[in-house]
Amino acid sequence: MSLNYISAVTAFLILALVARGFLPLLSVRKRDFLSYATLGIALIAAATIGRAAYWDLLRLIVGAETWAMWVDASGGVAVNVLPNIMVFLGGLSLLKARWLLIPEADRSNWNLFTAAFYPARKCIAVRIGSVWRDRK
């Protein structure tokens, strides 16, 4: 068994534990930091588990020849679309969680994509944006 398969199995197992650990928190439907952070972690963990299972573990289970035929028949890397969307949505959820950590008095000056750079003095993109916004 190669190092790739050993690392895939260990990554799969650890992320399965992470996903299981966060599963009960997904039932809490609030619009707060914890809910968005939990959803983001769960989506990214599920996408990574699915990708590792498909690209590494399934190949180990079915064998290299059968795997090659399956990949050709199923469209190759097109199966990555679902995990990529899940990672994107998980990232948006985590950015929303980060935005919620900004004090309410400052929050209206920030959005999901600039919240990662809070406070502003450390982000040139936010400075440029505020100059653009205040140019009136």
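Which residues in H1 meet which residues in H2? Keep that in mind as you open this predicted model.

**Stop 1: H1 against H2**

Select residues 3-22 for helix H1 and residues 33-62 for helix H2. On the H1 side, pick out Asn4, Tyr5, Ala8, Val9, Phe12, Leu15, Ala16, Val18, Ala19 and Phe22. They meet Thr38, Ile41, Ala45, Thr48, Ile49, Ala53, Asp56, Leu57, Arg59 and Leu60 in H2. Sorted by class, the contact of H1 with H2 has 15 nonpolar, three polar and two charged residues.

Now look at the axes: H1 and H2 pack at an angle of about 150 degrees, with their axes 9 Å apart. Because angles over 145 degrees count as roughly antiparallel, that is what H1 is to H2. The crossing of H1 past H2 is left-handed.

**Stop 2: along H2 itself**

Stay on H2 and run a distance between its end C-alpha atoms: they are 42 Å apart, which agrees with the 44 Å that its 30 residues should span at 1.5 Å a residue. Next, center on Ala53, where H2 bends by about 40 degrees. Ala53 is also one of the H2 residues that H1 meets.

Step just past the end of H2 to Gly63, which takes a positive phi of about 95 degrees. For context, most residues other than glycine have a negative phi.

**Stop 3: H2 against H3**

Select residues 64-73, helix H3. H2 and H3 pack at an angle of about 130 degrees, and their axes are 7 Å apart. That angle makes H2 oblique to H3, and H2 passes H3 in a right-handed crossing. Show the side chains of Tyr54, Trp55, Leu58, Arg59 and Val62 on H2, together with Ala64, Thr66, Trp67, Trp70 and Val71 on H3, to see who makes the contact. By class, this contact of H2 with H3 has eight nonpolar, one polar and one charged residues. Arg59 of H2 turns up here and in the contact with H1.

**Stop 4: H2 against H4**

By class, the contact of H2 with H4 has 16 nonpolar, five polar and two charged residues.

**Stop 5: a cis peptide bond**

Finally, zoom to Tyr118 and Pro119. A cis peptide bond joins Tyr118 and Pro119, with omega about 0 degrees. In general, most peptide bonds are trans. To place Pro119, look in the loop between helix H5 (104-107) and helix H6 (124-133).

Definitions and conventions. Residues numbered from 1 in each chain as written. Predicted model: local features only at pLDDT ≥ 70, side-chain atom pairs only at ≥ 80, totals over all residues. Heavy atoms only, no water. Axes fitted to C-alpha atoms, helices over the stretch in contact; angles between N-to-C directions. Helix = DSSP H or I, 4+ residues; strand = E, 2+ residues; numbered from the N terminus. Parallel < 35°, antiparallel > 145°, perpendicular 65-115°, else oblique. Left-handed = near helix turned anticlockwise from the far one by under 90°. Contact = heavy atoms within 4.5 Å. Nonpolar A, V, L, I, M, F, W, Y, C, P; charged D, E, K, R; others polar. Expected span 1.5 Å × (residues − 1). Bend = angle between axes of the 7 residues up to and from the residue.
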